[in-house]
Amino acid sequence: ETNEAGTLYMITTHTGTLGLFALFPLLNAVTGSWLFPAAGSLEASSPMATALFLTALFAFGLKAGIMPFHIWLPSAHANAPSHISAAMSGVILKVGIYGLVRTLSFFHGIPLWWGCLVLLLGIVSGVFGVVFALGQHDLKRLLAYHSIENIGIIAMGLGVALIGQTTGSQAMMLLGMAGALLHVLNHAAFKALLFLAAGSVIHACGTREIDLMGGVARRLPYTALLFGAGAVAICGLPPFNGFVSELLVYLGFFQGIQGMGISAAANALAAPALAIVGGLAVACFVKVYGIVFLGVPR
């Protein structure tokens, strides 16, 4: 199983790198240089700009695990040692987000469909990530699907910021980008905490199967406390850090709903989607915490 996960990760991440090998010559063809262009220096309305955007979205989407480019992520994170899973989920996924943000920063006059596409991919990643997590019986695979969900939340914030740039709404740009970048930091903190706590549980129990655990809080009280703190944070509940970044994204949605046309419709769709993600995340972690840490040992 570990061998298959490693092979799949190698194939998909190399495919993403091939996308980057396509991206940089395209960028060179536009700018005439291998150096990154200055922020806002490229016109986004040309066909070459569209090719750059789609190539970057594919390549960096594979690196970040945005749906539908997430196929390597659940098995890789589940089978890696837990401290490596913490680094992969907390840090390595965010390199893809950084690459996407950096590439988008090159352009001005961004068309509306760029932001709507990023927002739609974020909604799909968030909703389906948490739905798949609810059906897992492997503790680390469940946390891996929650990484896809949180990458979706970050992509929603980026989508709002791009729509704000297109429509000239400074508030949407500020709230969306601030929420996305803050959630990058927040997710790095609470997901690393959750994976390390899960590693402690798996080390003590000798299994990743949730259904075989129970009553772990009696033997591992500090682990139970820390996992509980991470669970509250990842569900976006106050007063923990996940709440703050998700609130900023929500405020960006509400700012966008006040506009007109497609951008208002996109934000009106995204706000309840993020609410669904939050509600299902709470249901998932109530189930996990109840089965693993409470009750009696099985």
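Please keep in mind that the model is predicted.

I will start with the charged pairs. Side chains of opposite charge can pair when their charged atoms come close. How many salt bridges does the structure hold? There are 2, and Arg208 takes part in one with Glu1 and in one with Asp138.

Take Glu1 to begin with. The closest N and O atoms of Arg208 and Glu1 are 3.7 Å apart. This pair links distant parts of the chain. Arg208 sits in the loop between helix H7, residues 170–205, and helix H8, residues 216–219, while Glu1 belongs to the segment before helix H1, residues 2–31. The two residues are 207 residues apart.

Now Asp138. Between Arg208 and Asp138, the closest N and O atoms are 2.8 Å apart. Asp138 lies in the loop between helix H5, residues 112–134, and helix H6, residues 139–167, and Arg208 in the loop between H7 and H8, so this pair ties together parts that are 70 residues apart in sequence. Taken together, Glu1, Asp138 and Arg208 form a linked network of salt bridges.

Which of these residues are buried and which are exposed? Asp138 has a relative accessible area of 10%, and because the cut-off for buried is under 20%, Asp138 is buried. Arg208, at 22% relative accessibility, counts as partly exposed. Glu1, at 59%, counts as exposed.

Next, the helices. Two packed helices are described by the angle between their axes and the distance between the axes.

H7 packs with helix H10, residues 241–257, at an angle of about 160 degrees, and their axes are 8 Å apart. Angles over 145 degrees count as roughly antiparallel, so H7 and H10 are roughly antiparallel to each other. Their crossing is left-handed. Residues in the contact include Leu175, Leu182 and Phe190 of H7, and Val244, Leu248 and Gly252 of H10. By class, this contact of H7 with H10 has 12 nonpolar, 9 polar and 1 charged residues.

The other packing is between helix H2, residues 47–64, and H5. Here the angle is about 10 degrees, with the axes 12 Å apart. That makes H2 roughly parallel to H5. The crossing of H2 and H5 is right-handed. On the H2 side, Ala49, Thr50, Phe53, Leu54 and Leu57 make the contact; on the H5 side, they meet Trp113, Trp114, Leu117, Val118 and Leu121. This contact of H2 with H5 has 9 nonpolar, 1 polar and no charged residues.

Note on methods
Residues are numbered from 1 along each chain as its sequence is written. This is a predicted model: local features need pLDDT of at least 70, side-chain atom pairs count only at pLDDT 80 or more; totals for chains, interfaces and linings use all residues. Side-chain values use heavy atoms; hydrogens and water are left out. A salt bridge is a side-chain nitrogen of Lys or Arg within 4 Å of a carboxyl oxygen of Asp or Glu. Helices (H or I, at least four residues) and strands (E, at least two) are DSSP runs, numbered from the N terminus. Buried means under 20% relative accessible area, exposed over 50%, partly exposed in between (1.4 Å probe, protein chains only). Axes are lines fitted to C-alpha atoms, for helices over the stretch in contact, and angles run from 0 to 180 degrees between N-to-C directions. Angles under 35 degrees count as roughly parallel, over 145 as roughly antiparallel, 65 to 115 as roughly perpendicular and the rest as oblique. A crossing is left-handed if the near helix is turned anticlockwise from the far one by less than a right angle, and right-handed if clockwise. Contact means heavy atoms within 4.5 Å. Ala, Val, Leu, Ile, Met, Phe, Trp, Tyr, Cys and Pro count as nonpolar, Asp, Glu, Lys and Arg as charged, and the others, Gly among them, as polar.
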